[in-house]
Structures are given as structure tokens and as C-alpha cells.
Amino acid sequence: MDCKRQVITVHVGQAGVQMGNAVWNLYGMEHGIGRDGCLTPESAADAACPAEHSTFYKETMAGKYIPRTVMVDLEPTVVDQIRSGPDRGLYHPDQLISGKEDAANNFARGYHTEGREYLSHVMEGIRLFAESSEGVQGFIVFHSMGGGTGSGMTSLVSETLRQDYPKKSNLEVLVYPAPKVSTAVVEPYNALLVSHKTLDTTDCAFMVDNEAIYDISAGKLDVERPMYHNLNRIISQVVSSITASLRFPGTLNVDINEFQTNLVPFPRVHFPLLAYAPFASAQRSAHQRPPIVDLTAACFEPGNQLFKLNDEEYANGKYIACCMLYRGDVVAKDINHAIQQIRATKGLEFVEWCPTGFKVGINCRPPVSKLSPDDELVGGGRAVCMMSNTTAIASAWTRLCEKFDLMFRKRAFIHWYESEGMEKEDFVVARENIEVLRHDYKELMPCASTKTSAMSADKATTGPTELSGRGQSDFLQGDFEPPMITEI
């Protein structure tokens, strides 16, 4: 394997750090690296499919391995739990950065005031890993969109990464505000502002939401009362499948850059959905071994998606591209047969200008069976992770804009952002940018006149103007500008 493709991860805010803790626990189990950073005895899986440690781990002079990661939160509680927890021997003290005062669910505090004080510490930690690497391929940022640190400081970090490392891939794994589950009143403000700030600095963003993962944990994994560590365990398994081709050999490997090439048709349309199969609990996995066709078909079922969309939103959307990442004992012949059968029976609708539609990756390393005796997610001999770019995701931006408009009409809570250095004009510009994004998705469907998309549902609310003939052809290149949304 080519070892010159190191990846540096950045975990921002409470959600990002907690996701990071789960991800690195799983990476350690897969690579045979203990919680003290030392290698454990080689397992049968390691002998059959050896791991490439240098992609995500840095080897020290003492022979220990430390993760190529930086964790930052403006509130010290979550980072202190790692400093004093069982994983404290795994991380260098400079990798764990915490402030004394949190961002209070305020994007402006994370972006303008509190977060800016710690930006230099974060970039210094990233620089040390980048300079000690043979060749950095890209960055993966974990964060939530609703929190103050996760939105504000992520925008700072993402902008700085684009300035300092302009040629490197910048991927995000983000927790989108769930349709019915909310943790903060001002989530729509924070989510829309961070989307605006990172739209041009991020190459690909994988969105998950808590409501969909709650349903998976309760419905498919038989967890009576799902907690955040249950949700993070699911996210870690999916992220592991995305990065498996960088860490283990396979018959058809997929590079991080290939995600962007195959999934992102235009720079701004970079929000693929994630799906995974099988989600099997200990009781179910002992009595089933689904064939490749069933696993592939399960990825297209809403119950296996890590993002919540209703049936109508799915029906109104079309697939742009799908990336299928298989792990374990699978062969290309079975995969090709499964994809052909799914396209014939499921009636998958792809946009007319993308006739092929599927990118496939095959990795020899199966998912980890269990992390601990009480782990509810059991890996079998094979699994598949699907990343699909679909126009149905536009309905998520429609929902977000609706919630934003309801509060912004009354100028509710705006004074808390203004007191930290923001202006009303910043909200207007952000809202316009997301409106253009919704038009970008609308333009991807040529038959929008006969089959109305989910974005037109709120036309009476937001009142976007009809585009002229020139605007329809030009705005994907950034020439289209909607009218000022000063009075929503």
C-alpha cells in the first residue's frame, strides 16, 4: 500500500469530540493498537489483511502510536473526560485543547470571540502532524451544526485550512439538526450560518442526524433507551467503512479524492447521504448471513439511512451518483449482479445526464465483531456502506430555511449574535447563499416542471423569484444572485 497519504482529523465541539472518541476506539480495535498506544498481539484478521498504521497514526521514537488528530472544545468537560479516562495514554497532551468558557450555543462566540482565541493552538497541532507526515492527503472535520463551538469554530478552522492547505481535500462529518429532535432553540441560526461559511471551503460533507440514528438504534439494534454513546458507535462504524480503503488492502480500493470525483458533480452540491447495512444486534447476527443482493438493497431503504427524510421527499428526489463500499468476503461478480438486480427491481431514478451512477469499492477487512461485551452493534463477515448524492437532500435545506425564516421575521435572539460582533446583514447574506444552494439542486432536475421538487413546497413562504433564461444557465457557475432577502 502507498503510505504517502496520511489523513488528519479535527474534532470540534462536544459532538465532534464524542464522535472522535468512538471513532478512535474502533480504529484502535481494527489496527490492534491498545489504549496506551502500544500494539497488541497480532490477530488472525491482521495476518490475513494487514493494516497500514501510518495513515491515521503517527509512530513515536518510543514505538507508540498516537492518532493524527486534534480535539478542541471551548467547554472543558468533555475533553477532561478523555484526559482522565481510559484513553488518556493514547493522546499527546497538546492534541486535547479546551477552553474555560463555552460558546453558549452562539455561532458568533465560536467564530468571532471565544473560538478565535484558540484557533492558533488548533492550527499549530495540525501543522505539527502535517510536517511530520510524508504526504497529507486531506482533513476530516467532525462537528455538529447546531452548537456554538461546532458551528462557529468549525467555520474558522475550515477557512484557515483552505488558506494554509489549498490543494488538500477537506471532508466533513457533521450532525445536522434533526427534524423533530432539537437541543437548542437557535439551531436554525447556527446551522445556516455554518453552512454558508463552509460551503466554499469544504469539498464533501457527510450529513447525519440524531433522529435517524435513534430509530436505527432502537428499531434495528434493540436498544431500549439509546444514549449518545450508542449513536456515536453507529457513526464510528460508518466512518470506519469510509476510510477502510486507506487503512487496509483491497481488490478495488477507493481513495478519498475519488469520493469527490464520483459524488460531487458541481463544487457546491457536495452533501451525500450515508447508509449502512447490516445493522445487526447480537441476537439477530447469530441467525442470519444476508447475501450481497440483500445488503445492497437494504442501503436504499429509508430505515438504513443515517439521515431522516420522509417518503415524499425521497419520491421527489433523483440520484446523482452512488458510491458502494463493500467490506469482507465479497467478490466483484456478486456486486455487479446485485447492482444490476437492484436497478431493475427497485426502479432507481437517476438524473438523465448521469447514466452510469455507481462507484464500487471492495476491501478485504471485515468490520470488527464487537468492541466490548455490551456492544450492541455486531459486525458480520461482510458489510456495505453507501454514499449517495441525491436531489432529495434539498428538502433538508428547505426545512432549515423555513425554521430560520420563522425566527428571523421577528428578529428573535439576534441581539445575542450582535453583541458578539455580528450584524443583521450577515444573516441576510447567509440566507441568500442557502437560497442559491436550493436553486442549484432544483436545476439538477431537468423535469422539475412536470415533477415538482421538495424545494418548491415553501415557495409561498420564501417567495424566490423565477429565474430568467440566462440565470437558469449561469447560476451553477456562481453568476446567479437572488434578490436581497432583507424582509422575510
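**Entry: the largest cavity.** I sorted the lining of the largest cavity by residue class and got eight nonpolar, five polar and one charged. This is a predicted model, so I read every value here as computed. The lining has 14 residues, and Glu 172, Leu 174, Ser 195, Thr 198 and Phe 271 are the ones that lie nearest the centre of the cavity. Next I looked up which elements give two or more residues to this lining, and found strand S7 (169–176), helix H6 (187–198) and strand S8 (204–209). H6 has the largest share, with three residues. I noted a volume of about 70 Å³ for this cavity. How many cavities of 30 Å³ or more does the structure hold? I wrote down six.

**Entry: the second largest cavity.** Here I noted a volume of about 60 Å³. The lining includes Ser 241, Ala 244 and Ser 245, as well as Leu 325, Tyr 326 and Arg 327. Gly 361, Ile 362 and Asn 363 are also among the lining residues. I traced the lining back to its elements: helix H8 (228–247), strand S10 (319–328) and strand S11 (358–363) each supply at least two residues. By class, the lining of the second largest cavity divides into six nonpolar, four polar and one charged.

**Entry: salt bridges.** A reminder to myself: side chains of opposite charge can pair when their charged atoms come close. With a cut-off of 4 Å between a side-chain nitrogen of Lys or Arg and a carboxyl oxygen of Asp or Glu, the count comes to 20 salt bridges. I picked a few to look at.

Glu 258 and Lys 359 form one of them, with the closest N and O atoms 2.8 Å apart. Glu 258 lies in helix H9 (residues 256–263) and Lys 359 in strand S11, so this pair ties together parts that are 101 residues apart in sequence. I checked how covered the two partners are: Lys 359 counts as buried at 18% relative accessibility, while Glu 258 counts as partly exposed at 25%.

Arg 431 and Asp 405 also meet through their side chains in a salt bridge, at 2.8 Å from N to O. Because Arg 431 lies in helix H16 (residues 424–443) and Asp 405 in helix H14, the pair ties together parts that are 26 residues apart in sequence. Are these two partners buried or exposed? Both Arg 431 and Asp 405 are buried.

Then I turned to Asp 80 and Arg 83, whose side chains meet at 2.7 Å, N to O. They are three residues apart in helix H3, so about one helical turn separates them. Asp 80 is partly exposed at 34% relative accessibility, and Arg 83 is partly exposed as well, at 33%. I also found a network of salt bridges that links Glu 101, Arg 109, Glu 114 and Glu 420.

**Entry: Val 78.** While I was in helix H3 (residues 76–83), I looked up Val 78, which lies there too. Val 78 has a relative accessible area of 7%, so I logged this residue as buried. The C-alpha atom of Val 78 is separated by 7.3 Å from that of Val 17, and the two residues are 61 apart along the chain.

Entry: Most residues other than glycine have a negative phi, and most peptide bonds are trans. With that in mind I went looking for exceptions. Which peptide bond is cis, with omega near 0 degrees? I found the one from Ala 277 to Pro 278. Pro 278 sits in the loop between strand S9 (273–277) and helix H10 (282–285).

Ala 104 has a positive phi of about 55 degrees, although this residue is not a glycine. I placed Ala 104 in the loop between strand S5 (96–98) and helix H4 (107–131). Arg 411 also has a positive phi of about 55 degrees without being a glycine. The loop between H14 and H15 holds Arg 411, and this residue is partly exposed with a relative accessible area of 26%.

**Entry: a surface patch.** Phe 413 lies in the loop between helix H14 (394–409) and helix H15 (414–418). At 34% relative accessibility, I counted Phe 413 as partly exposed. Together with Val 185 and Trp 416, Phe 413 makes a nonpolar surface patch of about 330 Å².

How values were computed. Residues are numbered from 1 along each chain as its sequence is written. This is a predicted model: local features need pLDDT of at least 70, side-chain atom pairs count only at pLDDT 80 or more; totals for chains, interfaces and linings use all residues. Side-chain values use heavy atoms; hydrogens and water are left out. Patches are made of residues with over 30% relative accessible area and no salt bridge: like charges are joined within 9 Å, nonpolar side chains (Val, Leu, Ile, Met, Phe, Trp, Tyr) within 5 Å. Accessible areas come from the Shrake-Rupley method with a 1.4 Å probe; for residues, only the protein chains shown count as cover. Helices (H or I, at least four residues) and strands (E, at least two) are DSSP runs, numbered from the N terminus. Buried means under 20% relative accessible area, exposed over 50%, partly exposed in between (1.4 Å probe, protein chains only). On a 1 Å grid over the protein atoms alone, a cavity is a set of points where a 1.4 Å probe fits but cannot get out, and a pocket is an open set with protein on both sides within 12 Å along at least five of seven lines; lining residues have an atom within 4 Å of a point. Grid points are joined across faces, edges and corners, and a volume is the space filled by probe spheres set on the points. Ala, Val, Leu, Ile, Met, Phe, Trp, Tyr, Cys and Pro count as nonpolar, Asp, Glu, Lys and Arg as charged, and the others, Gly among them, as polar.
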